[in-house]
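Here are my notes for you, colleague to colleague, as numbered points. Please keep the viewer open while you read them.

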Amino acid sequence: MPWFALYTESRQEKKVTARLVQLGVEVYCPMVIQERQWSDRKKKVEVPLLPSYVFVKLEFHDREFVFQVSGIVRYLYWLGKPAIVKDSEIEVMQKWLQEKVVSFEVSGIQPGSEYEIPSGPFIGQIGKVDKVDKNQLVLILKELGVRIILHK
């Protein structure tokens, strides 16, 4: 069974995921912990890695089943067909979210160039460099169409 990307209403990723699980659908919503600043305190909150997106694994002919759940807008399409996400790409995201990135060094990389990630959970993934500065590298992974921001 392939994975499909679903576009959800804003800030509905967790609710959509929970509702799909209740229906017995295999679903993945990659989450990360971020520290948020309020006027009186800082707090760590769990937020989606890819805002407004969740991934579902089901047969092609069962795709309409998910629209029983409120909060789903549509499937993500690529070249007029529902975008299919490879198992290996989902596994890379899962592995990446389990590991901590220790450090990286940016040298000789220019925006627009292609860059193959040499180590870590995204090893072997090829991305297009979107932005480079002294504290971060923004990389677009072609396979996923996702922007990854690496902070120093």
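1. A word on terms before the details: contact here means heavy atoms within 4.5 Å. Please also bear in mind that you are looking at a predicted model.

2. Let me begin with the overall make-up. The protein has 152 residues, and buried ones make up 37% of them. Its secondary structure comes to two helices and 13 strands. Of the contacts between residues at least 6 apart in sequence, 53% join residues at least 24 apart. The protein exposes about 10,100 Å² of surface, with carbon and sulfur atoms supplying 51% of that area.

3. Which residues does Tyr28 touch once its neighbours within four places in sequence are left aside? The partners are Trp3, Val54, Phe55, Ile90, Met93, Gln94 and Leu97.

4. Now to Thr17, which sits in helix H1, residues 13-22. Is Thr17 buried or exposed? Thr17 counts as buried because its relative accessibility is 16%, and the cut-off for buried is under 20%. Beyond its neighbours within four places in sequence, Thr17 is in contact with Val27, Cys29 and Val54. For Cys29, the separation from Thr17 is twelve residues in sequence and 6.8 Å in space, C-alpha to C-alpha. A polar atom of the Thr17 side chain also lies 2.8 Å from the backbone oxygen of Glu13.

5. Two other residues belong with this part of the chain. Lys15 is likewise found in helix H1. With a relative accessible area of 47%, Lys15 is partly exposed. Lys15 and Val69 are 54 residues apart in sequence, while their C-alpha atoms are 9.4 Å apart in space. Gln12 is placed in the loop between S1 and H1, and at 17% relative accessibility this glutamine counts as buried. Setting aside neighbours within four places in sequence, Gln12 is in contact with Arg19 and Gly71.

6. On to charge pairing. Side chains of opposite charge can pair when their charged atoms come close. How many salt bridges does the structure hold? The structure holds two. One of them joins Asp87 to Lys57, with the closest N and O atoms 3.6 Å apart. This pair links distant parts of the chain, since Asp87 is in helix H2 and Lys57 is in strand S5 (residues 53-57), 30 residues apart. Asp87 counts as partly exposed, at 35% relative accessibility.

7. The other salt bridge is formed by Arg41 with Asp40, where the closest N and O atoms are 3.0 Å apart. Arg41 counts as partly exposed, at 40% relative accessibility. Asp40 is exposed, as its relative accessible area is 60%, and the cut-off for exposed is over 50%.

8. Finally, a strand pairing to look at. Strand S3 (residues 31-37) and strand S4 (residues 42-48) run antiparallel and are joined by seven bridges. A hairpin of four residues connects S3 to S4. What is the bridge partner of Gln37 in S4? The partner is Lys42.

Definitions and conventions
Residues are numbered from 1 along each chain as its sequence is written. This is a predicted model: local features need pLDDT of at least 70, side-chain atom pairs count only at pLDDT 80 or more; totals for chains, interfaces and linings use all residues. Side-chain values use heavy atoms; hydrogens and water are left out. Buried means under 20% relative accessible area, exposed over 50%, partly exposed in between (1.4 Å probe, protein chains only). Accessible areas come from the Shrake-Rupley method with a 1.4 Å probe; for residues, only the protein chains shown count as cover. A polar contact is a pair of N or O atoms within 3.5 Å; within protein, one must be able to donate a hydrogen and the other to accept it, and residues adjacent in sequence count only if both atoms are side-chain atoms. A salt bridge is a side-chain nitrogen of Lys or Arg within 4 Å of a carboxyl oxygen of Asp or Glu. Two strands pair if DSSP finds at least two bridges between them.
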